[in-house]
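These are my notebook entries on what I looked up, kept in the order in which I went through the model.

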Amino acid sequence: MTAPSARPPSVDALARSIADVGLPHPLLVEAARAAIAAGDAASARARAEQRARSLLRPVLNATGVLLHTNLGRAPVAHAQAAGYTNLELDLRSGRRGSRSDHVARLWADLCGAEAALVVNNGAAAVLLVLAALAPGQGVAVSRSELVEIGGGFRVPEVMAQSGARLVEVGTTNRTRRSDFERAVATHGEDLAVLLKVHQSNYRIVGFTETVEVGELAGLGPPVVADIGSGLLDAACPWLPGGPPPWLAGEPAARQTLAAGADLVTFSGDKLAGGPQAGVIAGRAELVSRCAAHPLARALRPGGLVLAALQSLALTYLERRGGDIPFWRMATVDAAELRSRAFAVVASAARGRVVDLASVPGGGTLPGVVIASAGVSLGGDRLAELRAWRRPVIGRVEEGRTLLDLRSVDPGDDSELASALSALALRTKPQA
Ligand SMILES: *Cc1c(COP(=O)(O)O)cnc(C)c1O
């Protein structure tokens, strides 16, 4: 739009000329100003488009990683009209209520717990439990469970932030009940919690021994199990076919409490399939101590998250697992994915149908793969696919781009086909 020798256009005129990018005017002005300052007014449009693309937006997850931390972990749908709710009002008495009463009680029911409390994420749940139950006191953990999960959640560091003191027990590969007994005997009253942390994203194999929750119960201090993934019940009563075989061995909230844990903590957006949240569930007296701690206020979620967690809890209680996107995607048959892949390839006139292996992801179930199917393209087409109007996120393996349909909602197949058919044909033969 600018001739090189012309006077630079006014910032405002330049911003108006790129209004079709669809950003609010002040952001267009920012792009225009930056372009003129760089002596390249013609770059204003590209700058504005880049800004628009940096905004939060829906993407198509064709990675086959069902709980992809970069893509928001579990897919959740939640819509609500603008309006007030009884977030902290007791409708019977008309007095102030607790925001734990409605939603948290449903989650307690789901886990078979006396009470529950919802916080912002799994890390917050662990932090709050330790701060409330072991201020300045000892917390015993097996040396095999001093884990780091994802960026930033390191058990010893969370412990330090909580004000509790780490009491390491056993060895990296083997920890026995007698190690915990000795810790209880040595530290006495000062040992406030026995903590069991799910190793989540790694495994120790070979000459190993671990202490189960049931063996810790009865040693004295309350037993807290950070199960992480948020599997609510190992029997998966919300799935008509029961638990899928790949779930075997994953600790579940209900069974962990039944085995003797006094509290469990877990994330809302891993195997629970909900929004980012953390749940503390177990004995009412301990949950109350967590709720009464000053940190509880700082870690509490907002009404939108609570509303989403409530509808998710009701769906679980109604045993409609097929209406929970994570469980629907995780349990669909590979044959069905294959026939969807054939339809996508036919409609796009691009790619080949391939058998693939999906993973649950989100730091859960390391090593577990779920048979899947999808589309393969020659070469690395990831950047082009990300540039599509609804960015498509895939993966590259051995020089091929793989698009796994297990993590794609069937309603998005036609969008995926459009993205594929819009890819430029490659003239160079692919490796
Ligand atoms: C994922 C995980 C966490 C952290 O939960 P966030 O919801 O990511 O904060 C803590 N502990 C365990 C065992 C986990 O698997």
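**Entry 1, a five-stranded sheet.** I began with the open sheet of 5 strands, whose order is S2-S12-S13-S16-S15 and whose pairing is mixed. Since the model is a predicted one, I treat everything noted here as computed from it. At the edges of this sheet I found strand S2 (65-67) and strand S15 (395-397), each of which pairs on one side only. From one strand to the next, I noted a twist that averages 45°.

I then looked at how S2 is held to its partner: 2 bridges join S2 to strand S12 (residues 352-361), and the two run parallel. In that pair I found Val 65 opposite Val 359 in S12. Helix H14 packs on this sheet, where it touches S12 and strand S13 (370-378), and the direction of H14 makes about 15° with that of S13.

Staying with H14, I looked up how helix H14 (residues 334-348) meets helix H16 (residues 413-421), and the two pack at an angle of about 40° with their axes 8 Å apart. H14 and H16 are therefore oblique to each other, and H14 passes H16 in a right-handed crossing. On the H14 side I listed Arg 340, Val 344, Ser 347 and Ala 348 as making the contact, and on the H16 side Asp 413, Leu 416, Ala 417, Leu 420 and Ser 421. Sorted by class, the contact of H14 with H16 comes to 5 nonpolar, 2 polar and 2 charged residues.

For helix H2 (residues 25-37) and helix H3 (residues 44-53) I noted a packing angle of about 135° and axes 8 Å apart. That angle makes H2 oblique to H3, and I recorded their crossing as right-handed. From H2 the contact takes Leu 27, Leu 28, Glu 30, Ala 31, Ala 32, Ala 34 and Ala 35, while from H3 it takes Ala 44, Arg 47, Ala 48 and Arg 51. The residues of the contact of H2 with H3 divide into 8 nonpolar and 3 charged, with no polar ones.

Finally I looked up the division of the chain, which gives domain 1 (11-53), domain 2 (60-74 + 332-421) and domain 3 (99-323). How many residues of domain 2 are in contact with domain 3? I noted 11 residues of domain 2 in contact with 14 residues of domain 3, and the centres of these two domains, taken over C-alpha atoms, are separated by 32 Å.

Note on methods:
Residues numbered from 1 in each chain as written. Predicted model: local features only at pLDDT ≥ 70, side-chain atom pairs only at ≥ 80, totals over all residues. Heavy atoms only, no water. Axes fitted to C-alpha atoms, helices over the stretch in contact; angles between N-to-C directions. Helix = DSSP H or I, 4+ residues; strand = E, 2+ residues; numbered from the N terminus. Parallel < 35°, antiparallel > 145°, perpendicular 65-115°, else oblique. Left-handed = near helix turned anticlockwise from the far one by under 90°. Contact = heavy atoms within 4.5 Å. Nonpolar A, V, L, I, M, F, W, Y, C, P; charged D, E, K, R; others polar. Domains from an automatic or database assignment. Pairing = 2+ DSSP bridges.
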